[in-house]
Amino acid sequence: EELAHNALKRLEKLLSDVIADVLSNGWRFVLEFLMMALYIAFWLSDPMPVGTKMEELFKRYIILKGFACLGYGVCVGALLMALAVDMAVAFGLAAFLL
């Protein structure tokens, strides 16, 4: 009885610590994402002057990165559909976006 009670208390403390860490890190992730989005918004509203060669390189990078993410999202979605996982399309979309 006492052993089970002690084990339950330790498990409760462990779960409480894990949840607190996840929430703390989740908040930090959201804050960093918002800061990055704000930086990008300001940068897009008044971009630094760069040469046309740099512009082309940047555009090519964005296009290639978009295609790579699209391919990854499609592969993840297709694999999860083949494995009959619920919400496979949502996971594929999340893989594309992230």
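**Pockets and cysteines**

Analyst: F33, M36, A37, I40, Y61, I62, K65, C69, F96, L97 and L98 line the largest pocket. This is a predicted model, where local features need pLDDT of at least 70, side-chain atom pairs count only at pLDDT 80 or more, and totals for chains, interfaces and linings use all residues. Residues are numbered from 1 along each chain as its sequence is written, and side-chain values use heavy atoms, without hydrogens and water.

User: What makes a residue part of the lining of a pocket?

Analyst: A lining residue has an atom within 4 Å of a point of the pocket, which is an open set of points on a 1 Å grid over the protein atoms alone, where a 1.4 Å probe fits, with protein on both sides within 12 Å along at least five of seven lines. The space in the largest pocket is about 380 Å³, a volume being the space filled by probe spheres set on the points, joined across faces, edges and corners.

User: How do you know that there are zero disulfides?

Analyst: A disulfide is a pair of cysteine sulfur atoms within 2.5 Å, and by this rule the count is zero. For C69, the nearest cysteine sulfur is that of C75, 12 Å away, so C69 is in no disulfide.

User: Why is C75 called exposed?

Analyst: C75 has a relative accessible area of 54%. Exposed means over 50%, buried under 20% and partly exposed in between, with a 1.4 Å probe and protein chains only, so C75 counts as exposed.
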